[in-house]
Amino acid sequence: MELSDYLEDAPDAVLRDACKSIVAWSRGKKYTTPESLSKYVRTPEFIVGCRPKYLKRCRSLMRSQQGRSKNLIDSVERLMDAGLVYEDDIRNSYYTWAEHMAKYRFGQCNQTFRVVTVNSVLDDDRVPDEILDYVVYHETLHLRQDTSKLRRPHNAQFRSWEHQFPDYDKAEQYLRNIYSIIK
């Protein structure tokens, strides 16, 4: 049996519970994540301690909040000033630009390691700050979600938060047409 190297510093009790669950699963029982493991991976020690390993493994990340023309932290600060994002939403979080991302994927969020990644196509002076802010807001909302109960990341609660963004519809429309706008 081999466990992820992300768990190399986990307490023995957590590792023991994880192994018991895996053994039970191998004997035909339904796999359930042990509560001790769920709690452990949500601790700041795990998130901050293992995030460098995760970032190193993600080849498409620039590992920088500063892009060619825009800074992701400026976007986060505008969202906080507008009362859309709170300190608890961004605690222990990391924002970075992506070197490569699918054409119509403008952001992604790794909730386990609290990493928000934004498509570098938005790092362009022709892209209004409000559009970047919308994408950063959308991905930051995933950090707000309770990952222990996450079933559908874009559930009704998520959509109600998302629609609080001023000019939500305009931002969505802009992103649908971005490649014709900035070519």
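The model is a predicted one. Its chain holds 9 helices and 3 strands, and 42% of the 183 residues are buried. If you have the structure open, you can follow along topic by topic.

**Overall layout**

- Read from the N terminus, the elements come in the order α-α-α-α-α-β-β-β-α-α-α-α.
- The C-alpha trace spans about 55 × 35 × 30 Å along its principal axes.
- Of the contacts in the chain with a separation of 6 or more, 61% are between residues 24 or more positions apart.

**The sheet**

- The 3 strands make an open sheet in the order β1-β3-β2, and the pairing is mixed.
- β1 (94–98) and β2 are the edge strands; each has a single partner strand, so one side of each has no neighbour in the sheet.
- From one strand to the next, the twist averages 20°.
- α4 packs on this sheet, where it touches β1 and β3, and its direction makes about 130° with that of β1.

**How the strands pair**

- β1 and β3 are joined in the parallel sense by 5 bridges. Along this pairing, Tyr95 stands opposite Val116 in β3.
- β2 and β3 (residues 115–119) run antiparallel and are joined by 4 bridges.

**Burial of β3**

- How many of the residues of β3 are buried? The count is 5 of its 5 residues, so the strand is mostly covered in the sense of under 20% relative accessible area.
- In a regular strand, side chains alternate between the two faces of the sheet.
- For β3, both faces are covered: Val115, Thr117 and Asn119 are buried on one side, and Val116 and Val118 are buried on the other.

**The largest pocket**

- Rolling a probe the size of a water molecule over the atoms shows where empty space is left.
- The largest pocket holds about 370 Å³ of space.
- Its lining consists of 18 residues, and those nearest the centre are Phe106, Gly107, His138, Glu139 and His154.
- Two or more lining residues come from each of β2 (107–110), α6 (129–144) and α8 (168–176). The largest share is that of α6, with 5 residues.
- By type, the lining of the largest pocket divides into 7 nonpolar, 6 polar and 5 charged residues.

- About 250 Å³ of space lies in the second largest pocket.
- There are 15 residues in its lining, with Arg42, Ile47, Gln111, Arg114 and Thr147 nearest the centre.
- α3 and α6 are the elements that give two or more residues to this lining.
- Sorted by type, the residues lining the second largest pocket are 4 nonpolar, 6 polar and 5 charged.

- Thr112 sits in the loop between β2 and β3.
- Its relative accessible area is 39%, so Thr112 is partly exposed, between the limits of 20% and 50%.
- Beyond residues up to four places away in sequence, Thr112 touches Val41, Phe46 and Ile47.
- Thr112 and Arg51 are 61 residues apart along the chain, and their C-alpha atoms are separated by 8.9 Å.

**Lys70, a buried lysine**

- Lys70 is found in the loop between α3 (44–57) and α4 (72–81).
- Is Lys70 buried or exposed? Its relative accessibility is 7%, which is under 20%, so Lys70 counts as buried.
- Leaving aside neighbours within four places in sequence, the contacts of Lys70 include Asp123, Asp124 and Asp129. Gln65, Trp97, Leu122, Val127, Pro128 and Leu132 are also in contact with Lys70.

Terms used:
Residues are numbered from 1 along each chain as its sequence is written. This is a predicted model: local features need pLDDT of at least 70, side-chain atom pairs count only at pLDDT 80 or more; totals for chains, interfaces and linings use all residues. Side-chain values use heavy atoms; hydrogens and water are left out. Buried means under 20% relative accessible area, exposed over 50%, partly exposed in between (1.4 Å probe, protein chains only). Contact means heavy atoms within 4.5 Å. On a 1 Å grid over the protein atoms alone, a cavity is a set of points where a 1.4 Å probe fits but cannot get out, and a pocket is an open set with protein on both sides within 12 Å along at least five of seven lines; lining residues have an atom within 4 Å of a point. Grid points are joined across faces, edges and corners, and a volume is the space filled by probe spheres set on the points. Ala, Val, Leu, Ile, Met, Phe, Trp, Tyr, Cys and Pro count as nonpolar, Asp, Glu, Lys and Arg as charged, and the others, Gly among them, as polar. Two strands pair if DSSP finds at least two bridges between them. Axes are lines fitted to C-alpha atoms, for helices over the stretch in contact, and angles run from 0 to 180 degrees between N-to-C directions.
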